[in-house]
Amino acid sequence: MMLRRPLVPLAAAAALGLTACGDDAPSRPSATGPAGAPDTSPVGTTQPGTTTLPSAPPSPGTAAGTSPTPATPGTTRDATTPAGSMPDAPPATANPDVVPSVGVDTIGEFDAPVDLAVRPGDPARYVVEQAGRVIRADDGDTADVLDITDLTDADGERGLLGLAFHPTQPVAYVNYTDADTGSTVVAEYAVGAEGGFDGGSGRVVLEIEREGHFTGVRVAQPYPNHNGGGLAFGPDGFLYIGTGDGGSRGDPERRATDPFDLLGKLLRIDPHTDGPTAYAVPSDNPYADGAAGAPEVWALGLRNPWRFGFDEPTGDLWIADVGQADIEEINRVTPTAERPAGYGAHFGWSAYEGNARYNDDVAEPARHTAPVWTYSHDDGCSVSGGMVYRGAAVPDLDGWYLYADYCAGTLWGYDAATGRNIELATGLGPVTAVRPGPDGEAYVLTHDGPILRVTGGA
């Protein structure tokens with residue numbers, strides 16, 4: 001039975017005091033973490049990514065990188081092209097003189113929302129609360145459709161962190177940290193015709209456990225932070241899982257570049273299987289045979305890919321990867337005729353933080369996919385991705401990547417066609433995610449509680 005509660009309308013969140021994350025501080029929201037504050041500066045420098053999709057898994061080599069240069073307030077930057085990459089040609093409709101105007105409407109308040117998912121054919125928004133609940137919100141009503149607060153604990157970067165619905169089957173997948181062990185768990189739940197979850201149907205699909213709770217080393221998760229948490233089904237129907245590098249500072253065990261370790265990666269599995277295993281590995285994964293890396297690994301070199309997703313019209317994969325001490329980054333890779341986006345891609349961490357060299361003892365990766373956009377901690381502390389806008393409310397934003405920052409409380413738009421990055425809204429509070437809704441519009445989630453819908457400006 002669903003528990004009903006009224007949807008609470010609120011005014012836009014007021015900006016509060018800002019406390020930026022330190023080098024050793026968690027990079028995602030804390031249950032007692034900082035509130036957001038407005039930041040009126042547009043961010044970063046643009047570096048279009050090299051989107052080479054290798055026919056074989058990456059091997060050590062060299063890659064060029066440049067340090068970011070912050071933009072000055074009120075300006076945008078044109079893209080520059082690193083050696084060996086080809087920029088996207090702007091479409092005929094691209095107009096570099098257009099400055100999109102947006103507003104935001106508060107659609108409700110929730111308890112520390114961190115994700116929003118869409119169920120195929122369902123007009124409702126499914127909101128993930130960090131404490132362990134999934135809330136179905138539709139037409140002014142809300143219903144608690146899943147409660148796993150007994151399985152997880154919203155402590156720092158832990159809790160219920162992600163949700164994705166299977167595109168064809170009546171099941172959903174959640175990503176949470178186990179309350180007792182701190183391990184990352186991806187679990188499957190049956191979903192009824194009206195959107196209610198069968199709480200008794202929970203099945204663990206994949207678990208990345210912490211040291212001391214697992215007999216092997218390959219999937220050990222040693223620290224409580226950098227848990228990733230994102231889930232998304234790709235255009236191929238497989239489940240993609242974003243994992244952090246295991247935590248602490250600077251990837252101390254160098255897990256992100258180790259293809260045999262599941263941490264600091266984008267994983268790709270078939271979770272809905274009737275076979276003897278909890279999941280199947282697609283035969284076209286870059287390390288599917290296990291000889292050169294873990295079969296589940298699709299891409300590597302990530303620090304904490306908190307939010308990622310696919311742009312449905314193009315198949316492009318976008319990843320907002322949280323930085324260490326200085327640089328936040330956004331990555332984009334494109335598909336080929338043979339493979340979905342991201343096959344064998346190496347996003348650079350911890351040889352690089354953004355475009356700047358980081359751990360000198362980590363070999364520079366061959367086929368290094370550089371970020372398409374970076375910004376410094378002068379403008380924020382933790383990037384909160386992100387979605388390619390395909391809605392109707394702001395036509396000028398069509399094809400732009402919308403993202404925010406947890407500390408800055410600012411919504412930005414990055415236009416890959418022109419290389420521009422523009423400030424769209426400020427004073428939003430500690431933003432945890434920017435996600436598409438069932439109506440195709442953009443929703444900004446804030447850790448303080450309000451969820452905001454992006455609308456056309458005055």
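**Salt bridges, aromatic pairs and a buried strand**

The structure holds 17 salt bridges. The coordinates come from a predicted model, and the values below are computed from it.

One of these salt bridges is formed by Glu 188 and Arg 203, whose closest N and O atoms are 3.2 Å apart. The two residues are 15 residues apart and link distant parts of the chain, with Glu 188 in strand S10 (residues 184-190) and Arg 203 in strand S11 (residues 203-208). Glu 188 has a relative accessible area of 10% and is buried, because buried means under 20%. Arg 203 is partly exposed, at 25% relative accessibility.

A second salt bridge is that of Asp 284 with Arg 268, where the closest N and O atoms are 2.7 Å apart. This pair also links distant parts of the chain: Arg 268 belongs to strand S14, whereas Asp 284, 16 residues apart from it, is in the loop between S14 (265-269) and strand S15 (297-300). Arg 268 is buried, with a relative accessible area of 1%, and Asp 284 is partly exposed, with a value of 32%.

In a further salt bridge, Asp 415 and Arg 420 have their closest N and O atoms 3.9 Å apart. Both Asp 415 and Arg 420 are buried.

Trp 349 is buried at 2% relative accessibility, while Tyr 358, at 22%, counts as partly exposed. Tyr 401 and Tyr 403 form a stacked pair, because their ring planes are at 20° and their ring centres 6.1 Å apart; planes under 30 degrees apart count as stacked. Tyr 401 is buried, at 1% relative accessibility, and Tyr 403 is buried with a relative accessible area of 0%. Tyr 401 and Tyr 403 belong to one aromatic cluster, together with Trp 318, Trp 373, Tyr 375, Trp 412 and Tyr 414.

Charged side chains also sit over aromatic rings. Arg 303 lies over the face of Trp 349, at 5.8 Å from the ring centre. For Arg 339, which lies over the face of Tyr 343, the distance to the ring centre is 4.1 Å.

Strand S18 (residues 327-333) is largely enclosed by the rest of the structure, because seven of its seven residues are buried. Ile 327, Glu 329, Asn 331 and Val 333 point one way from S18, and Glu 328, Ile 330 and Arg 332 point the other way; all are buried.

S18 pairs with strand S17 (residues 317-321) in the antiparallel sense, over five bridges. Within this pairing, Val 333 of S18 has Leu 317 opposite. S17 is joined to S18 by a hairpin of five residues. S18 also pairs with strand S21 (residues 373-376), again in the antiparallel sense, over four bridges. Here Glu 329 has Thr 374 in S21 as its bridge partner.

Note on methods
Residues are numbered from 1 along each chain as its sequence is written. This is a predicted model: local features need pLDDT of at least 70, side-chain atom pairs count only at pLDDT 80 or more; totals for chains, interfaces and linings use all residues. Side-chain values use heavy atoms; hydrogens and water are left out. A salt bridge is a side-chain nitrogen of Lys or Arg within 4 Å of a carboxyl oxygen of Asp or Glu. Buried means under 20% relative accessible area, exposed over 50%, partly exposed in between (1.4 Å probe, protein chains only). Rings of Phe, Tyr and Trp (its six-membered ring) pair if their centres lie within 6.5 Å; planes under 30 degrees apart count as stacked, over 60 as edge-to-face and the rest as tilted. A charge sits over a ring if NZ of Lys or CZ of Arg is within 6 Å of the ring centre and within 35 degrees of the ring normal. Two strands pair if DSSP finds at least two bridges between them.
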